[in-house]
Each structure stands twice: as structure tokens, then as C-alpha cells.
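Here is a short briefing for a first look. Keep the sequence and the 3D view open while reading.

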Amino acid sequence: MISGSRSVAVIGGGTVGLSTAYALWREGYDVTLIEEQAEVGRVASFSNGGQLSYRYVSPLAGPGVPLEALSWLGKAGSPISLNLKMDLNQWRWLFSFLSACTRSQSDRHASELLKLALASQKQLAQWREEGLDGFLWRRPGKLIIYRNIEKFRKASCALTDSRTQHVLGAEGCIAVEPAFSGLKSSLAGGIFTEDEEVADCHLYCQALLGKMQNSKTFRYMQATAALRPSANNTDQCEVLVNGRRIDTRHIVLAAGLASRAVTKPLGIDLPLYALRGYSLTLPAIEHATPSVSVTDYDNRVVYARLGDKLRIAAMVDIGLSSTRQQETRLSQLRTLAAQTLPAAGPYDTATPWIGARPATPSSVPIIGRTRWKNLLLNVGHGALGFTLSPGSARRVVELIQTEQ
Ligand SMILES: Cc1cc2nc3c(=O)[nH]c(=O)nc-3n(C[C@H](O)[C@H](O)[C@H](O)COP(=O)(O)OP(=O)(O)OC[C@H]3O[C@@H](n4cnc5c(N)ncnc54)[C@H](O)[C@@H]3O)c2cc1C
């Protein structure tokens with residue numbers, strides 16, 4: 001077992017846990033990564049939208065969102081669906097979410113997310129320069145297309161970087177991405193951002209693990225970890241695996257949605273909620289599959305070419321829905337994609353995936369210390385976990401370094 005003053009146990013082998021483990025390992029820490037699934041990156045990080053969307057990080061909670069969400073309720077293929085439950089956690093989360101919808105809160109959260117996203121872009125670029133590869137990374141730029149003229153005008157006035165972001169008319173959009181030529185007459189316009197990236201999140205997790213796997217300062221455990229207060233020290237907690245305590249100086253919890261249950265024995269009640277979403281993956285077809293990353297704003301559907309595949313992702317479902325409801329949502333996504341990009345199908349044979357984003361009400365992840373001095377959290381990355389994980393990992397390293 002790896003132990004000593006530079007030992008860290010990271011719980012969770014999704015994009016956040018693996019990025020954290022990698023960032024610490026690169027800095028010379030002795031890292032134990034604990035993941036309960038048979039493979040890393042199989043839960044929320046498996047088949048997501050593949051967007052490394054550094055400039056489009058607005059929180060879900062924003063002014064106008066509650067009204068817009070109400071107008072969508074019950075509509076087939078709507079970007080948001082709400083299933084109210086007799087569930088205190090859901091109601092508390094929704095209440096905090098509504099409180100975060102004011103202009104001032106939303107602007108503050110957007111600026112925190114932008115800062116973290118830009119730090120992530122820089123961190124990932126450094127790791128790539130050092131040789132991290134094999135996860136279908138590309139920088140094709142992102143095109144956001146708008147059918148609604150008002151929304152297009154509003155977005156055109158809110159650009160954050162006029163050097164890399166370009167406002168385009170319908171023809172300009174088609175020139176950037178000819179695969180969408182069938183939509184030309186219905187487009188109000190679009191915004192193209194040059195340095196946005198795409199990659200495969202599951203392969204990213206595997207690539208990070210591959211870099212560390214044969215190192216003497218890295219240990220991988222396939223097991224379910226639990227936390228409990230330390231018997232000998234009132235401000236420390238300990239990690240248990242198969243009922244046995246792991247000897248480690250620091251613990252970083254990055255177990256996605258499950259983090260809520262893992263911290264319960266420590267008296268920590270994390271404000272995390274599952275926002276379910278859906279993706280389809282299908283073989284790419286030359287000239288029919290978009291090359292740039294595309295967001296269809298009105299339908300809130302994203303399209304990313306990942307190697308020889310097309311990944312399409314969408315929808316935020318709040319509240320557990322039945323298997324039948326989930327099948328309906330997947331079939332609505334197939335219909336939306338077929339209407340938007342007919343030649344890239346057939347969509348009925350696309351591989352479906354249903355995932356749950358581990359979301360905080362504000363969309364800002366929880367990265368920091370707890371009242372348990374040896375425990376740090378890196379959780380709650382919601383709709384942007386892939387984008388934000390390298391920067392979040394860097395923050396954890398800085399927090400651990402400043403403590404020493
Ligand atoms: C439809 C959809 C599309 C998305 N598209 C994008 C996108 O385009 N770009 C983007 O940036 N983000 C996107 N996201 C969000 C992103 O996928 C998530 O934010 C991210 O995967 C969360 O990563 P995580 O590591 O926190 O959680 P997870 O990937 O769920 O990892 C947590 C890990 O912890 C493990 N674990 C849990 N409990 C324990 C335990 N007790 N012991 C040991 N291991 C444990 C789990 O098995 C799991 O592997 C999307 C999400 C969805 C659902």
C-alpha cells in the first residue's frame with residue numbers, strides 16, 4: 001500500500017477523479033485511485049457530448065430559465081423535462097436552483113465557470129504537449145446555430161472574445177459547416193468560436209489511467225470505498241475498502257453523484273442532484289457528418305465528430321423517470337437529429353446512452369476542503385465535467401500543496 005506524507009487516495013475513476021489523480025501523480029504524489037466499476041469512465045463520463053466547451057459555460061440557472069422551462073414542459077423533445085417527486089432532496093435542490101436564477105447570481109457563477117474552463121483548456125494543452133493522447137482530441141471550433149432571431153441577436157451582443165468569436169449569417173454558417181445546408185432557410189444566424197475542442201471522455205479516462213498504470217507511485221484498486229470519522233482524531237476521516245482502512249495522508253472524493261451517499265456518514269449533505277441526459281453514437285458519413293462541433297441552440301442538441309463516429313447529446317431531465325419515459329426521450333432525440341441532419345442517419349440504429357450529470361444548483365462544482373482536515377471534495381461538475389476536469393484537478397493540487 002502507498003502511504004506517507006505525500007500519499008493521496010482519490011475515490012472515483014470518472015473524468016474528475018482521473019484528472020485529479022493524474023495532476024497529483026505528475027506533481028510527485030503517491031496516488032491510490034479507487035473505482036468501483038470494472039472499468040474507468042463508465043458512469044457519467046462514458047458517452048457524453050464530447051464537448052470541451054470552454055467559452056460556453058453559462059450555468060443552467062439563469063434569468064428567464066424558469067419561464068422558458070415552463071414553456072417547454074410536456075412538449076415532445078423539449079430541452080428540459082421536470083418530474084416532480086415526493087423527494088426532499090429534489091425540492092431543496094430546485095429551491096436553490098431557482099434562487100440561483102437571478103441576474104447577479106447567474107453572472108457571478110458564469111464568471112467562476114469561465115475562469116475554471118479557461119484554466120482547464122490551458123491545463124489540458126500542457127498535458128497534451130507532454131504526450132497525453134489517444135482520446136480523439138481535435139480543435140475544430142464550435143458553431144452555435146440559431147433559428148430564433150431574438151435569441152441570435154441577444155447571443156451576438158454577449159460575446160466574450162471578439163478575437164476568436166465570429167457572428168455569421170445563415171450563409172456563413174453553411175460555409176463553416178456544409179453538413180447543415182438543409183437548414184439554411186430556417187437559420188437566423190450563428191456564432192463560430194475558433195478554439196473550442198472535442199474529444200472522447202471515456203477514452204480520455206483510459207488515456208490518463210494508461211499514463212500512470214505502470215508507475216511505482218500509482219496504485220489502482222477496483223473496489224467500493226467508504227468514508228467514516230477517524231476513531232483517534234476528531235477532525236480526520238478515513239477511507240475503508242472492503243472493511244479495511246487505507247493508510248493515506250490526503251483523501252480526495254470525486255465519486256460524481258455517489259459522493260452524496262459517500263459523505264453521509266461524515267455528516268456532510270452535498271447539494272447534488274442527477275440531471276439525466278441522452279446521447280446517440282453512430283458511424284460518421286463523409287460530407288453528411290459535421291466536422292466542426294455544433295450546438296443547435298433552439299433544440300439544445302450538440303453534435304461532435306469523434307474519430308469515425310458522430311456523437312449527439314441533449315436534454316436535461318430533472319427527477320427520476322421510468323424506463324418507458326427514458327425510451328420516449330431517446331426516440332424524441334432520434335427524431336430531432338433526423339429532422340436537423342437527415343443525411344447523417346439512419347438514427348434508429350445509433351447506439352443510445354442515458355447518463356446522469358452530477359449537478360449543483362448553481363452549476364459551479366464544489367472543489368475544496370471540508371471540516372475533515374484530510375478530506376477534499378471535487379464534485380458536482382454537472383453538464384461540464386469533461387470540460388472542467390483538468391482545471392478542477394489543478395485546483396485540488398494547489399489546495400494540497402498550500403497545506404504542506
Ligand atoms: C448526456 C450528457 C452529455 C454530456 N455532455 C458533456 C459534454 O459535452 N461536455 C462536458 O464537459 N460534460 C458533459 N457532460 C457532463 C459530464 O459527463 C459529467 O459532468 C462528468 O462525466 C462527471 O464526471 P465525474 O468524474 O464527476 O463523475 P463520474 O464519471 O460518474 O465518475 C464517478 C466515478 O466514481 C465511481 N464511484 C462512485 N462511488 C464510488 C465508491 N464508493 N467507491 C469507488 N468508486 C466510486 C463511479 O463508479 C464513477 O466511475 C454530459 C453529461 C451527460 C449526462
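The charged end of Arg-6 sits over the ring of Tyr-29, 4.0 Å from the ring centre. Such a contact needs NZ of Lys or CZ of Arg within 6 Å of the ring centre and within 35 degrees of the ring normal. This is a predicted model, where local features need pLDDT of at least 70, side-chain atom pairs count only at pLDDT 80 or more, and totals for chains, interfaces and linings use all residues. Residues are numbered from 1 along each chain as its sequence is written, and side-chain values use heavy atoms, with hydrogens and water left out.

**Charge over ring**
- Arg-128 lies over the face of Trp-137, at 3.3 Å from the ring centre.

**Aromatic pairs**
- The count is 9 aromatic pairs (rings of Phe, Tyr and Trp, its six-membered ring, with centres within 6.5 Å; planes under 30 degrees apart are stacked, over 60 edge-to-face, the rest tilted).
- Tyr-22 and Trp-127 are edge-to-face, because their ring centres lie 5.0 Å apart and their planes meet at 85°.
- This pair links distant parts of the chain: Tyr-22 is in helix 1 (residues 15-26) and Trp-127 in helix 4 (residues 103-129), 105 residues apart. Helices are DSSP runs of H or I, at least four residues, and strands are runs of E, at least two, numbered from the N terminus.
- Tyr-22 and Trp-127 are both buried (under 20% relative accessible area; exposed is over 50%, partly exposed in between, with a 1.4 Å probe and protein chains only).
- Tyr-22, Trp-25 and Trp-127 form one aromatic cluster.

**Loop**
- Leu-73 lies in the loop between helix 2 (65-72) and strand 4 (80-82).
- Leu-73 is partly exposed, because its relative accessible area is 35%.
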